Amino acid sequence: MTTVIDGKAVAADVVTKVRIAAEKLIAETGVVPGIAVVIVGHDPASQVYVASKGKKAKECGFHSVEHALPSDTSEADLVALVQKLNADPKIHGILVQLPLPDHIDAGKIIQTISADKDVDGFHFTNVGKLGTGELDTAFVPCTPAGSMLLIERALGRDLSGLNAVVVGRSNIVGKPMANLLLNANATVTVAHSRTKDLPALCRSADILVAAVGRPEMIKGDWVKPGATVIDVGINRLEGGLNGKSKLVGDVDYGSAAEQAGAITPVPGGVGPMTIALLMANTVVSAFRSAGQSAPRF
Ligand SMILES: Nc1nc(=O)c2c([nH]1)NC[C@@H]1CN(c3ccc(C(=O)N[C@@H](CCC(=O)O)C(=O)O)cc3)C=[N+]21
């Protein structure tokens, strides 16, 4: 029987733990975890994510601010805002929603965020700490960290001896995902558009993570029977029911679910975990700033 991994339920568990940790920190130190989300421009999908981040932050009892800037905001003005947030003692987590407009150098903005408040885990310091296994003081990117929690829950055991294949090599998902799996003792292969015989490689995976951004690319006959399949893709397709758009992953869910031992749906899989781990990283940041040992998630 295939297990459908309930990302929404696991995310709700994580959010409850975050709220309890936040209450404890507030009671013991008076420090209220604070998050700032910055969005430039009007991309409707981005606005939806930013709104749900604000809502979850309130649920966790955080101080939460949102800066919605016009699409013609200059790079210098955005740098100045990030510097102001870096210096603001009420803010423990800063997230600048990506992608940014073309006239702004996203890399420069990310490196301007203080590594201690980089709850996205994109700053070189945090990338380096993940790469060297310094997970106690790193911030790990939210989507791979959330995917890892789903994998651990689905398997309920150490990953030693298991083959993991990550399809996609982005800095945001593929590369950090590979590092996390390697840290957990899996044998990891990272595949991408130039990989030879991708279906055969995928069939070798006990853990298959799809993060390519191509709707329904990974088919059922690419999945090893019993494998754990994590679908990071969020692709909005036109022509769903009643002319509404339809959300699909990078995995062809119908055929893959027939092979997989456990599989994440889209929506309701990795997406809610991303937001939950953002809250977790923010409360951890607040604990660190108060000189307290941070909870683990
Ligand atoms: N600096 C930065 N950090 C991010 O983490 C970041 C970002 N920029 N830019 C955009 C992407 C996208 N992202 C998602 C978060 C939650 C869902 C999510 O909750 N999805 C729901 C469905 C939502 C829907 O219906 O659209 C689900 O999969 O069930 C999706 C996508 C975070 N991102």
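Predicted model: local features only at pLDDT ≥ 70, side-chain atom pairs only at ≥ 80, totals over all residues.

User: Start with the domains. What are the bounds of domain 1 and domain 2?

Analyst: Domain 1 covers 30-115 and domain 2 covers 142-271. Their C-alpha centres lie 28 Å apart.

User: Take the sheet with β3, β2 and β4. What is the strand order, and is the pairing parallel or antiparallel?

Analyst: The order is β3-β2-β4, in an open sheet of 3 strands, and the pairing is parallel. β3 and β4 are the edge strands, and each pairs on one side only. From one strand to the next, the twist averages 15 degrees.

User: How many bridges are there between β2 and β4?

Analyst: There are 4 bridges, in the parallel sense.

User: Which strands does α2 lie across?

Analyst: Helix α2, residues 44-59, lies across β2 and β3. It runs at about 170 degrees to β2.

User: Now α3. What span should it have, and what does the model give?

Analyst: α3 has 12 residues, 75-86, so at 1.5 Å a residue it should span 16 Å. Its end C-alpha atoms are 16 Å apart, which agrees.

User: Which residues of α3 are buried?

Analyst: L78, L81, V82 and L85 are the buried ones. They cover an arc of only 100 degrees around the axis, so they sit on the same side of α3.

User: What covers the buried residues of α3?

Analyst: The cover includes strands β2 (34-40), β3 (63-69) and β4 (93-96), along with helix α4 (106-112).

User: Let's zoom in on I109. Where does it lie, and is it buried or exposed?

Analyst: I109 lies in helix α4. It is buried, because 20 other C-beta atoms lie within 10 Å and the cut-off for buried is 20 or more.

User: What does I109 touch, leaving out residues up to four places away in sequence?

Analyst: It touches L78, V79, V82, V96, L100 and I104. L78 and V82 are also among the buried residues of α3.

User: How far apart are I109 and I263?

Analyst: They are 154 residues apart in sequence and 35 Å apart in space, C-alpha to C-alpha.

User: Switch to the sheet with 6 strands. What's the order?

Analyst: It runs β1-β11-β8-β7-β5-β6, an open sheet with parallel pairing. β1 (3-4) and β6 stand at the edges with a single partner strand each, so one side of each has no neighbour in the sheet.

User: Which helix touches β1, β7, β8 and β11?

Analyst: That is α6, which packs on the sheet, and its direction makes about 160 degrees with that of β8. α7 also packs on the sheet, touching β5, β6 and β7, at about 170 degrees to β6.

User: How many residues of α7 are buried?

Analyst: 8 of its 10 residues are buried, so α7, residues 174-183, is mostly covered. Among the buried ones are K175, N179 and L181. The cover includes α5 (124-131), α6 (142-155) and β5 (163-167).

User: Which residue just after α7 has a positive phi?

Analyst: N185, with a phi of about 75 degrees.

Methods. Residues numbered from 1 in each chain as written. Helix = DSSP H or I, 4+ residues; strand = E, 2+ residues; numbered from the N terminus. Expected span 1.5 Å × (residues − 1). Buried ≥ 20, exposed ≤ 12 C-beta atoms within 10 Å, placed from the backbone. Arc of directions from axis to C-beta. Contact = placed C-beta atoms within 7 Å. Domains from an automatic or database assignment. Pairing = 2+ DSSP bridges. Axes fitted to C-alpha atoms, helices over the stretch in contact; angles between N-to-C directions.
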